[in-house]
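I opened a new page for this entry. My plan was to look up the ligand sites one at a time and write down what I found.

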Amino acid sequence: MTRRIMHIDLDAFFVSVERTLNPKLQGKPVVVGGRPESRGVVASASYEARAFGLYAGMPLTTAIRLCPQAIFIEGGFPKYRDASQKFMAILADFSPYLEPMGLDEAYLDATGFESIYGSVHQMAVNIKQRTKDELGLYASVGIASCKVVAKIASELSKPDGLLEVAAGEERSFLAPLPIAKLPGIGKKTERILDGLGIHTIGELAVTPLNVLKSHLGAASEWLHNHANGIDDRKVEPPSAAKSISRETTFGKDTGDRSFLTATLRYLSERVGSRLRRQGKQFRCVTLKLRYADFTTITRNQTLSQAADTDQTIFDTGQKLLKKALAQEKQPVRLVGIGVSNLTESGKQLDMLDTSAQRQEQLNKAIDRIRKKYGFTAIQTGRTLRLKDIFVSDKDGYTLQTPSLSR
Ligand code: TTP
Ligand code: MG
């Protein structure tokens, strides 16, 4: 039986959430990402702003030049997370075979659901209607026999679209499209294929696999399959998170160690509190730094014993930070900290280690207070420095790029 896979993606997601909170933004060019004079990039542009050439990833300074009348909004991650959770809950009402991809998109396996809704097309109409009625957001939906074709269909249908590719018509649907529409083809691959005279997905589909292999290596096989509308990937409900991380980009590159350390401490606490809420422990800590010239490095350390305290995340991160700063003198643009190699919080602590026990109890107490009164209700000495620099609310500090800081 051919499958019926849906790909659902919200239109101009961050902007649309802002519009539900402020209807004055309707119908106007709107950009979420930050103040136009800041160094950030466009995270989400309304379709009215896209008419002026704006797109996600464009520097804000370019955006304001192209579209000075646009309304620029800093945005805030918690709003988008809440909207995302409600959106995913609506989708989950339609099918348990749901695979969320990021905040505003998901795959849904609707094979066999015709009997309930009359047609899969009608099921998509109902999903769009509920999203609009309950959240005030517009969803675009692609329906096809596999993930890759469904995803391309939803994108082509935007905004507020619905496009179904009938079984058997995958190849002819894809053939005229430029290769850049195929997910996974980045600038580099596009250039290589361009050099081979391959500009459309149809041309890619008929290029012999061995020719592709000699230029693109291991990725050739799935690219060739996808170009032919062949994609066996299943819709898989999310497995438990494999890592938890938080990062932020600074408003100004900095070499100030105590500021970097304070930020690292704050981010470690955010990671720790999320980790404990999930009832997990970690074995590996990863520090991420992006320097002024955009070079990005990550440094890992694996611990001999699983842990779940803020202090361990921070101590390990701080060691890695010190080492990295000693090796590279450039100012820092972004700092991030993450934990991975996660296990369920079974009690494996060395019970003779009373300092670890104390840390654990302290963290539990802090978590309880924060749950009740907000993240900044209780602060550790090192993060107090941040108080003079960032605005705080009950969700924590608003870091420099609020729409993107997680
Ligand atoms: P997208 O679905 O790629 O973009 P969009 O929803 O704004 O617009 P559309 O789907 O109609 O083309 O990404 C979803 C959200 O993710 C987006 O609203 C903001 C965020 N995002 C970024 O922060 N940075 C980016 O570079 C991109 C592409 C998205
Ligand atoms: Mg979207």
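Which polar backbone atom lies 3.5 Å from a nitrogen atom of ligand 1? I looked it up in what is a predicted model, and the backbone atom belongs to A43.

**Ligand 1, contacts.** I then went through the oxygen atoms of ligand 1. One oxygen atom is 2.9 Å from a polar backbone atom of F13. From Y47 the contact is made by the side chain: a polar atom there lies 2.6 Å from an oxygen atom of ligand 1. I also checked the area: ligand 1 taken alone exposes 560 Å², and the protein buries 67% of that.

**Ligand 1, shell.** I counted 14 residues around ligand 1. The closest are A12, F13, S44, Y47 and R50. By type, I sorted the shell into eight nonpolar residues, five charged and one polar. I noted the elements that each supply at least two residues of this shell: strand β1 (5-10), helix α1 (13-21) and helix α2 (47-50).

**Ligand 2, the ion.** Next I turned to ligand 2, a magnesium ion. I found D9 and D104 coordinating the ion through OD atoms, and L10 through its O atom, at 2.1 to 2.2 Å. Along the chain, I wrote the spacing of these donors as D-L-x93-D.

Are D9 and L10 buried or exposed? I looked up both, and D9 and L10 are each buried.

Notes:
Residues are numbered from 1 along each chain as its sequence is written. Chains are lettered from A and ligands numbered from 1 in the order in which they are written. This is a predicted model: local features need pLDDT of at least 70, side-chain atom pairs count only at pLDDT 80 or more; totals for chains, interfaces and linings use all residues. Side-chain values use heavy atoms; hydrogens and water are left out. Donors are N, O and S atoms within 2.8 Å of the metal (3.2 Å for Na, K and Ca); water is not among the atoms, so sites may look incomplete. Buried means under 20% relative accessible area, exposed over 50%, partly exposed in between (1.4 Å probe, protein chains only). A residue is near a molecule or strand if one of its heavy atoms lies within 4 Å of it. A polar contact is a pair of N or O atoms within 3.5 Å; within protein, one must be able to donate a hydrogen and the other to accept it, and residues adjacent in sequence count only if both atoms are side-chain atoms. Accessible areas come from the Shrake-Rupley method with a 1.4 Å probe; for residues, only the protein chains shown count as cover. Helices (H or I, at least four residues) and strands (E, at least two) are DSSP runs, numbered from the N terminus. Ala, Val, Leu, Ile, Met, Phe, Trp, Tyr, Cys and Pro count as nonpolar, Asp, Glu, Lys and Arg as charged, and the others, Gly among them, as polar.
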